[in-house]
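Subject: Structure handover

Hello,

Here is the structure we talked about handing over. My notes on it come after the files.

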Amino acid sequence: MPPYPKAPITEGVIHLRVAGVATADEQQKVVHRLTKHYPHSNPLQEFSLRIDTTGGEVAVDQKPQGFRLNTNDQTDVVLVFPDGIAAARLAPYQGWEYLRDRARVAHEEWRRSTAHRAVTRIGIRYLNRIDIPLNGVSQVDLATYLAFRPQIPEIGIGPIVGYMVQATLATDTPLWSASIASTIVTPPPLLNHVSLMLDIDVFRTEQIPGNEAELWRTIDDARLIKNRVFERCITDESRKLFA
Amino acid sequence: MIELDTATLPHKSFKPRSFLSSLPPPASEASEQLRRAAIASVVSSTSTTSRLIQASVPPAAVTGSLQHRLYNALAASKIRTATVAMHLNQDWRTRFFSQLDNLLALESWDPDDVPPSEESFTTLLRMVLFIRGRRPGLGASASGNFIATWTEGLDRLTIECKPADVVRWVLIRQLGSDRESAAGETTLPRLLEVLAPYEPRRWFRNVPDQVAA
């Protein structure tokens, strides 16, 4: 179980991208094999819109992009893409091992159903939402809750009314990088609260193990990196909100 | 110090979109669906992958078979609940989902019925989190809104959850041998205040002293 009783995680995703593209039949096989765990499946479609600004014609194309599978309560999801597979968990978060094990099962079914394709990218993405009770105040100091926040020179006379910050950088663990983003969530899901999003994506695209056991040990490393990034982005006041 | 003004609606800047926060598009080929999704893809600022996951669900009241619409309404409700699940007791959530399963079961609906909307469910969810009351009974109005009911002895409170935090409430109180009823429409932030004359603590825990008095 997560260390925080009210973990702010709204989505946790483990995404494995592979070289090449699985055929439609291969994708269907993966879906079929996962049905016992995820009884609901729907195709994913990509829509593109073309507008001829001279003739005024509009054309819409749709292209299949895989499948989305989910459990009855909609909280466990697998996404089957032409170029990989992702397992995701919505809140309430059940801990790393829960998500990792689901991802591992999904990947095993992917491997059984498709031609061998090397994993080219490991991505672990966690969306966190920090819900801050207002308790009658009209202003919130971002620094009270976030260490990852905008740096604003004195150009205005009042508080900010919105923000978005994003950074991508190599982590202190070789071969791993992180993309971090934060913004305000509008509208906040809870009355009399302000909600701040902290989106952490830890990824690796080099020297990805081909051996399955080593691959999952590597993915377990990403959890530690993700946790470290998260803890460095928040403050003790935020931690109190998750208790 | 970076102060954030919570009283003013923020400018709608870029927002990192969740990986899979919405339902998938159904497999219907209605041209209206295509046009709606195409418009969504134009205005979306997210990457291709995110758009695939987040393609919006057509309104439950409009498209597809009744079974399809009910499934979409149920799935949307559960996904919406997941966004605040960290604030819900596990047992409460499980029982709440059972109520939703029963409410949106196919055998309880006629083909012309309008399943309740996601917007109405959002109001319902925000309300139950705000008032922290007992888990209500659930129903649905003919116009596609969720209805929450609480019964305490002969007293009954019914709240219809409309989109955008608008609630329409009706209550009946037994006062000795007299039966009193009242009704109104307000917004969620005002709900406890308008119910204050009727002892809202009978139904809700999160009632400040100055409102309950």
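Is A:Asn135 buried or exposed? This is a predicted model, and in it A:Asn135 has a relative accessibility of 70%, over the 50% cut-off, so the residue counts as exposed. A:Asn135 sits in the loop that links strand S6 (119-133) to strand S7 (139-141) of chain A. Its phi is positive, at about 50°, although the residue is not a glycine.

B:Ala164 is not a glycine either, yet its phi is positive at about 60°. The residue is placed in the loop between S4 and S5 of chain B. With 66% relative accessibility, B:Ala164 therefore counts as exposed.

Cis peptide bonds in chain A

One cis peptide bond runs from A:Ala91 to A:Pro92, with omega near 0°. A:Pro92 belongs to the loop between strand S5 (84-90) and H2 of chain A. Another cis bond joins A:Thr186 and A:Pro187, and there omega is about -10°. A:Pro187 is in the loop that lies between strand S9 (177-185) and strand S10 (193-204) of chain A.

In chain A, 9 strands make up an open sheet with antiparallel pairing, and their order is S2-S3-S4-S5-S1-S6-S10-S9-S8. Strand S2 (40-51) and strand S8 (164-170) of chain A are its edge strands, each pairing on one side only. On average, neighbouring strands of the sheet are turned by 20° against each other, direction ignored.

Within the sheet, strand S1 (residues 9-18) of chain A runs antiparallel to S6(A), and 9 bridges join the two. A:His15 has A:Gly123 as its bridge partner in S6(A).

Helix H1 (residues 24-34) of chain A packs on this sheet and touches S2, strand S3 (58-70), strand S4 (76-81) and S5 of chain A. The direction of H1 makes about 35° with that of S3(A). H2(A) lies across S1, S4, S5 and S6 of chain A, and runs at about 155° to S5(A).

Helix packing in chain A

Helix H2 (residues 96-113) of chain A also packs against helix H4 (residues 212-233) of chain A, at an angle of about 145° and with the axes 12 Å apart. The crossing of H2(A) and H4(A) is right-handed. On the H2(A) side the contact is made by A:Trp96, A:Glu97, A:Arg100, A:Ala103, A:Arg104, A:His107 and A:Arg111. H4(A) contributes A:Glu212, A:Ala213, A:Leu215, A:Trp216, A:Ile219, A:Asp220 and A:Arg223. Sorted by class, this contact has 6 nonpolar, 1 polar and 7 charged residues.

Helix packing in chain B

In chain B, helix H3 (residues 66-82) and helix H4 (residues 90-103) cross at roughly 165°, and their axes come within 10 Å. Angles over 145 degrees count as roughly antiparallel, so H3(B) and H4(B) are roughly antiparallel to each other. H3(B) passes H4(B) in a right-handed crossing. The contact consists of B:Leu74, B:Ser77, B:Lys78 and B:Thr81 from H3(B), together with B:Phe96, B:Phe97, B:Leu100 and B:Asp101 from H4(B). By class, the contact of H3(B) with H4(B) has 4 nonpolar, 2 polar and 2 charged residues.

Hairpins in chain B

Strand S4 (residues 155-162) of chain B and strand S5 (residues 166-175) of chain B run antiparallel and are joined by 7 bridges. B:Arg156 has B:Ile172 as its bridge partner in S5(B). The hairpin of S4(B) and S5(B) has 3 residues between the strands, and B:Ala164, with the positive phi near 60°, is in this hairpin.

S5(B) is also joined to strand S6 (residues 178-187) of chain B, by 10 bridges, and these strands run antiparallel. Here B:Leu171 is paired with B:Ala182 of S6(B) as its bridge partner. S5(B) and S6(B) form a hairpin with 2 residues between them, and B:Gly176 in the turn has a positive phi of about 65°.

Regards

Terms used: Residues are numbered from 1 along each chain as its sequence is written. Chains are lettered from A and ligands numbered from 1 in the order in which they are written. This is a predicted model: local features need pLDDT of at least 70, side-chain atom pairs count only at pLDDT 80 or more; totals for chains, interfaces and linings use all residues. Side-chain values use heavy atoms; hydrogens and water are left out. Axes are lines fitted to C-alpha atoms, for helices over the stretch in contact, and angles run from 0 to 180 degrees between N-to-C directions. Helices (H or I, at least four residues) and strands (E, at least two) are DSSP runs, numbered from the N terminus. A crossing is left-handed if the near helix is turned anticlockwise from the far one by less than a right angle, and right-handed if clockwise. Contact means heavy atoms within 4.5 Å. Ala, Val, Leu, Ile, Met, Phe, Trp, Tyr, Cys and Pro count as nonpolar, Asp, Glu, Lys and Arg as charged, and the others, Gly among them, as polar. Angles under 35 degrees count as roughly parallel, over 145 as roughly antiparallel, 65 to 115 as roughly perpendicular and the rest as oblique. Two strands pair if DSSP finds at least two bridges between them. Buried means under 20% relative accessible area, exposed over 50%, partly exposed in between (1.4 Å probe, protein chains only).
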